[in-house]
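This report describes the architecture of one protein and then turns to a single element of its fold.

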Amino acid sequence: MRIWSPYLLIAANVIPLIGVFLWDWDAVAIVVFYWSENLIIGALTLLKMLYLSPVLGWFSGAFFVIHYGGFCAVHGMLAMSLMGVDIGDPFDGIGLPFFLIFVELLIGVTRNVFAIAPADWLWGFAAIAISHVFSLFSNYFARREYAEQTTRTLMTAPYRRIIVLHLAILFGGWGTVLLGSPLPLLIILIVGKTLLDLRMHLREHRLSWRVLTGAGESVAASPV
């Protein structure tokens with residue numbers, strides 16, 4: 001059986017290359033694109049939790065939204081700071097209750113980060129969203145991955161990707177800024193991040209690299 005989600009993941013990750021060559025994206029635009037993927041992953045993780053446990057999922061989901069939202073927001077602020085970008089006051093003009101401070105922070109950071117994104121970024125955001133939604137239906141639902149999950153394992157999974165992404169930004173994106181965004185380093189950043197994404201995707205869904213050649217659905221990868 002051919003598994004298509006890795007191919008869509010690769011295709012979505014090609015968008016930054018198109019951005020570099022055709023739309024003049026710089027390191028900041030690429031980091032905005034990569035960071036915005038965290039929002040998609042968070043939203044789909046919440047959906048998985050609610051599907052897996054319609055009752056307990058609401059309580060775990062509320063905690064996840066607050067905790068992951070704050071973590072994601074702080075990561076966005078730190079990533080933009082490493083890029084030398086000032087995104088302003090994320091709390092300006094929102095005014096949610098104090099106990100939702102992390103949700104307010106995420107809304108503010110998202111608003112301010114998206115404000116500096118290039119217009120063509122929407123194509124990339126749509127492509128990466130389609131890739132993750134397709135994976136949700138083809139792996140989590142169709143291959144019944146939910147039967148092997150708990151709300152706890154679902155809740156912790158997105159944090160690993162943020163750590164990997166942050167390391168990519170730290171060593172790749174920051175380097176391109178320091179050296180004047182040279183094209184070779186941008187390409188290395190994009191290719192490196194794509195390979196990391198693919199490796200994590202195959203491990204998460206217990207697929208082997210052979211699936212990319214059509215040799216089998218496979219089986220071999222151990223969980224992260």
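## Overall fold

The model is predicted. The protein contains eight helices and zero strands, and the order of its elements from the N terminus is α-α-α-α-α-α-α-α. Its radius of gyration is 18 Å, close to the 17 Å given by the globule rule for 224 residues, so the protein is as compact as a globular protein of that length. Along the principal axes, the C-alpha atoms occupy a box of roughly 45 × 45 × 25 Å.

## Burial, surface and charge

Buried residues make up 45% of the 224 in the protein. The accessible surface is about 11300 Å², and carbon and sulfur atoms account for 72% of that area.

## Helix 2

Helix 2 spans residues 15-22, and its buried residues are I15, P16, G19 and V20. Viewed down the helix axis, these buried residues fall within an arc of 140 degrees, so they line one face of helix 2. In an α-helix there are 3.6 residues a turn, so residues three or four places apart point the same way.

The packing partners of the buried residues of helix 2 are helix 1 (5-13), helix 3 (27-52), helix 6 (121-141) and helix 8 (183-204). Just after helix 2, D24 adopts a positive phi of about 60 degrees.

Definitions and conventions
Residues are numbered from 1 along each chain as its sequence is written. This is a predicted model: local features need pLDDT of at least 70, side-chain atom pairs count only at pLDDT 80 or more; totals for chains, interfaces and linings use all residues. Side-chain values use heavy atoms; hydrogens and water are left out. Helices (H or I, at least four residues) and strands (E, at least two) are DSSP runs, numbered from the N terminus. The radius of gyration is taken over C-alpha atoms; the globule rule is 2.2 Å times the number of residues to the power 0.38. Buried means under 20% relative accessible area, exposed over 50%, partly exposed in between (1.4 Å probe, protein chains only). Accessible areas come from the Shrake-Rupley method with a 1.4 Å probe; for residues, only the protein chains shown count as cover. The arc is that of the directions from the helix axis to the C-beta atoms. Contact means heavy atoms within 4.5 Å.
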